[in-house]
Amino acid sequence: MMSENKTPYLNRSISPWVIIGISVVLVGVVLTQAVMNYNREKKYMGQILSEKGAALIRSFEAGTITGMMGRMGSEAHLQTLLEETSAQEDISYIVIADQSGVVLAHNQEDKIGSPFTPPLSKADAQPADHPQWRTVKGQGSKDYFEVYKTFLPTLKGHGQGNGFRRHMMGNHINGSHQCAQNWIKGPSRQRLLDPEKRPAIFIGMDIAPFEYARKEDIQNSIISIVLILFLGLGGIVSLFWAQNHARSRRLLLDTRAFASELVTSLPMGIVAVDDAAKVIYVNETASIFLRKALDQIKGKNAAQVLPPSLLALLDQVDQGGFVSEQELKLPSRTGSVIPVTVTITKIVGERENFIGHVFILKDLSRIRALELEIKQKEKLAAVGILAAGVAHEVRNPLSSIKGYATYFSSLFDPQSDNKKAANIMADEVDRVNRVISELLEFARPIELELKKTRIFELVDKALRLIKYEADPAGIKIISSVEPQLPEVEVDKDRLIQVLLNIFINAIQAMPSGGTLTVNVKARENMLQFAISDTGSGISPQDQANIFNPYFTTKKRGTGLGLAIAFKIIESHGGTITIESLKNKGTTFVITIPLKQNTLEQNKEELI
């Protein structure tokens with residue numbers, strides 16, 4: 001029964017394509033026929049006009065011979081012959097030109113001596129003795145069919161060459177007539193009769209009638225194609241109307257599937273309950289919030305699967321209230337709580353009948369984490385202000401203490417214990433002052449001055465600054481910066497500070513010499529620095545703490561250098577990680593986005 005219903009539907013689906021295929025075939029046939037007719041007419045036009053042009057050239061040469069022999073009187077009959085011949089309806093011009101393109105004779109006498117246009121191509125610069133043809137552009141958009149060949153007006157009974165030339169110049173050969181002296185006027189006479197450089201004759205004919213006939217054929221073909229297309233379009237439209245109901249039904253099903261997939265993929269939890277308080281829909285995100293599998297929620301009573309806090313809000317809606325963006329804390333599978341906002345709405349049908357409720361749950365974990373981070377930053381800023389005040393109050397007495405220590409040191413003998421004690425006092429004052437400076441640097445919020453920077457120049461500058469410490473320690477520096485790296489918006493001074501801190505730590509980890517390797521490359525949308533040394537390495541226990549403030553394994557270190565470096569990279573939206581093996585060496589990997597956003601911009605996007 002099902003197959004019987006499917007067959008007509010399948011046929012109706014295929015029918016439009018059948019009509020389209022037939023229409024395309026008919027259009028192809030008409031186009032092919034039009035192209036064939038066009039080419040055939042073009043061939044016939046070339047054949048007819050070339051034959052006509054050749055016949056005219058032969059007639060013109062014969063008429064020229066008659067004038068040259070003086071049988072048309074003593075006037076300049078060549079010009080008269082040109083003008084009379086070109087007076088025919090379909091002949092536009094007759095030109096005789098020498099090999100350099102200068103007009104020797106023209107039906108328009110004022111053009112004699114001017115260059116002939118358009119000139120022949122290099123391949124046709126010396127025309128053959130048999131007629132050739134070409135189509136040329138005239139003034140405006142008018143085209144001409146031009147037949148041309150070498151101009152050969154031969155006398156019956158006389159050959160060409162020197163004998164022919166002497167006869168044309170007026171000498172007697174075997175008692176024949178002299179060539180008429182006035183058959184052509186002007187300096188063109190000598191060049192026209194030169195057998196070594198024979199001129200060419202051009203006859204231009206109007207091809208407008210042929211073009212008009214071809215345009216009519218093209219218009220008829222276009223009309224036929226348009227009629228076929230309209231017929232095909234009418235058939236397709238009628239079939240689409242017949243399929244409208246089936247297509248609407250299929251569209252409705254597709255819309256439902258799309259809506260279902262969209263709701264399922266939303267990053268918010270959605271739970272729908274009917275008027276009997278049974279769960280009729282739940283998505284994956286909501287099941288995570290409720291700590292149950294989908295099949296354990298769907299179809300169950302809401303009181304069995306929903307937390308009491310949600311049910312209390314449901315009672316509030318049933319009593320006529322409204323719940324929108326109300327914050328709750330739901331227990332998670334790990335034992336912690338998930339902060340969420342809850343919105344509950346009623347579902348009402350077309351007839352204003354009550355259908356059920358929809359719970360929309362939105363996770364606030366990331367927002368709360370960002371809020372906590374901002375609060376911590378604010379606390380650090382407050383600590384920075386406090387530290388700045390304390391530093392100001394402490395540094396003044398420290399300066400006095402160091403001054404007195406330096407003074408007392410100058411009073412004692414160089415090898416005395418008192419002088420050593422005074423020097424130790426001055427050194428300790430310097431160390432306290434350095435600790436205060438680093439404390440201020442760490443507590444103060446970092447404000448980046450982003451500028452487009454060439455990474456190669458930045459790395460090169462940092463390596464040159466530590467070269468004078470690396471060379472005496474016997475440390476070899478290997479730098480590899482990927483070519484064609486784009487300019488990156490970074491705080492150049494801050495980033496150099498980070499690199500110098502890591503470079504100096506690497507040098508101090510190789511007291512007996514070694515190799516410091518710096519590799520910089522682009523990976524996806526990130527810029528990656530890999531800084532490796534062959535030093536003593538860092539133990540696994542210390543690796544977890546090296547970025548914590550005041551953690552250090554050095555006797556005279558403050559433990560703030562790497563903490564400040566971590567803070568700078570974090571402000572650039574990047575990360576810094578470490579890989580180390582004891583007595584094998586350490587590698588710091590720094591990644592920074594190629595397209596820089598500030599930390600505040602990232603937070604605004606997340607919120």
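Strand β15 is largely enclosed by the rest of the structure, because six of its eight residues are buried. The structure is a predicted model. β15 belongs to an open sheet of five strands, ordered β12-β14-β15-β17-β16, in which the pairing is mixed.

**Sheet layout**
- The edges of the five-strand sheet are taken by β12 (475–481) and β16; each has a single partner strand, so one side of each is left without a neighbour in the sheet.
- On average, neighbouring strands of this sheet are turned by 10° against each other, with direction ignored.
- β15 and β17 pair in the antiparallel sense, over eight bridges.
- Within that pairing, Ser532 has Thr587 of β17 as its bridge partner.

**Hairpin of β14 and β15**
- Strand β14 covers residues 514–523 and strand β15 covers residues 526–533; the two pair in the antiparallel sense over eight bridges.
- Asn519 stands opposite Ala530, a residue of β15.
- Two residues lie between β14 and β15 in this hairpin, and Glu524 in the turn has a positive phi of about 55°.

**Hairpin of β16 and β17**
- β16 pairs with strand β17 (residues 585–593) in the antiparallel sense, and seven bridges join them.
- The bridge partner of Thr575 is Thr591 in β17.
- Three residues separate the strands of this hairpin, where Asn583 takes a positive phi near 65°.
- Side chains alternate along β16 (residues 575–581): Ile576, Ile578 and Ser580 point to one face and are buried.

- Helix α15 (residues 561–571) lies across β16 and β17, and runs at about 30° to β17.
- α15 is mostly covered, with eight of its eleven residues buried.
- The buried residues of α15 are Leu562, Ala563, Ile564, Ala565, Lys567, Ile568, Ile569 and Ser571.
- Gly573 follows α15 and has a positive phi, near 80°.

**Nonpolar surface patch**
- Tyr38, Ile218, Ile222, Val226, Phe230 and Leu233 form a nonpolar patch on the surface; together they have about 550 Å² of accessible area.
- Phe230, a member of the patch, lies in helix α5.
- Phe230 counts as exposed because its relative accessibility is 57%, and the cut-off for exposed is over 50%.

Notes: Residues numbered from 1 in each chain as written. Predicted model: local features only at pLDDT ≥ 70, side-chain atom pairs only at ≥ 80, totals over all residues. Heavy atoms only, no water. Buried < 20%, exposed > 50% of the residue type's maximum accessible area, 1.4 Å probe, protein only. Helix = DSSP H or I, 4+ residues; strand = E, 2+ residues; numbered from the N terminus. Pairing = 2+ DSSP bridges. Axes fitted to C-alpha atoms, helices over the stretch in contact; angles between N-to-C directions. Contact = heavy atoms within 4.5 Å. Patch = residues over 30% accessible without salt bridge, like charges linked within 9 Å, V, L, I, M, F, W, Y side chains within 5 Å. Areas by Shrake-Rupley, 256 points an atom, 1.4 Å probe, with all protein chains shown as cover. Salt bridge = Lys/Arg side-chain N within 4 Å of Asp/Glu carboxyl O.
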